Amino acid sequence: MAPSQTFVALGSGFASASAWAAMAWGLAFFAAIYVLLCGGNWLLTRHLLPALRIGRRIDPEPLRDGQIRYELLLSALSILIFGIGTILPWAFLQLGWARLASDPGPVQVAVEMLALLVWNDIHFYANHRLLHTRWLRRFHVQHHRSLVTTPFSTYSFHPLEAILLGNVILLPMLLHDFSFAALLSLPVMSLLLNNLGHSNYDFAPAAGHDHWLSASRRHHLHHTRYHGNYGFLFNFMDGWFGTRLPEEPPPTTAGTAPE
Ligand SMILES: [Zn+2]
Ligand SMILES: [Zn+2]
């Protein structure tokens, strides 16, 4: 069976599953990608790349006591929310509000993936700005407790933040019949790139401040400066809305805790 047909079959299986099966499937999916991608990133940036002398650590400050445990605990809660939330795209399919592409070719899947990646940045920027408002910032301080970030900071959110960020797929599904492969790829790409942003590791020190590979430097600045650089992988939204932070040497983490 061609890879695209495998995903079509998986999509049909998901759409016709029971609500409980859909949520269990979502839970297993988000837990698996978190363990694989965050654990993989930890191995890559804490062991493999330093050993090969590729890239460099950004912030040399130590983690605060119990930080990893705290991040893992909040991430487990986020995975639970994302897993339960899988019932929403499932319900959209059940109710006929959304449909899956029945015979997508590789070009369609690639274009959809790219569109979802750009949408993810727009959605993240809007929700992240909301989370920095006076009304919602108390639900975002949990994520900002990681002044020096780690791969495990990626899902370290308050449950409300997990709900806001987790709904990224819903609007696109209402507007277009996506391939199941592209829909599945969004959480994977998002977590992969979120890992880039939170790795506290400069993968390409020679890359310019606006390069996508410099997302780790830009998001590190967001965690240490708190205001500015609200974008995700790209920084076009920060450019448009005047929230782009200028490049600077890695700051120390002292005295920059969020309000
Ligand atoms: Zn923030
Ligand atoms: Zn962050």
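1. Contact here means heavy atoms within 4.5 Å. Keep that cut-off in mind for Y155, discussed next. The model is a predicted one.

2. Which residues does Y155 touch, leaving out those up to four places away in sequence? The partners are F30, I33, Y34, L74, S75, S78, I79, F82 and L191.

3. Y155 also belongs to the largest nonpolar core, which has 43 residues. Y155 is listed there with F30, Y34, I169 and L233 as the residues with the most contacts inside the core. Helices α2 (19–52), α3 (67–85), α4 (87–95), α5 (106–131), α7, α8 (170–175) and α9 (180–198) each supply at least two core residues. The largest share, nine residues, comes from α9. As a general point, nonpolar side chains in soluble globular proteins tend to be buried together.

4. Now take S156. This residue is in the loop between α6 (141–144) and α7 (159–166). Is S156 buried or exposed? S156 is buried, because its relative accessibility is 0% and the cut-off for buried is under 20%. Beyond residues up to four places away in sequence, S156 touches Y70, E71, L74, S75, Q142 and H143.

5. Next, look at α3. Its buried residues are Q67, Y70, E71, L74, S75, S78, I79, I81, F82 and G83. They pack against α2, α4, α6 and α7.

Note on methods: Residues are numbered from 1 along each chain as its sequence is written. Chains are lettered from A and ligands numbered from 1 in the order in which they are written. This is a predicted model: local features need pLDDT of at least 70, side-chain atom pairs count only at pLDDT 80 or more; totals for chains, interfaces and linings use all residues. Side-chain values use heavy atoms; hydrogens and water are left out. Helices (H or I, at least four residues) and strands (E, at least two) are DSSP runs, numbered from the N terminus. Buried means under 20% relative accessible area, exposed over 50%, partly exposed in between (1.4 Å probe, protein chains only). A nonpolar core is a set of buried Ala, Val, Leu, Ile, Met, Phe, Trp, Tyr and Cys residues joined through side-chain atoms within 4.5 Å.
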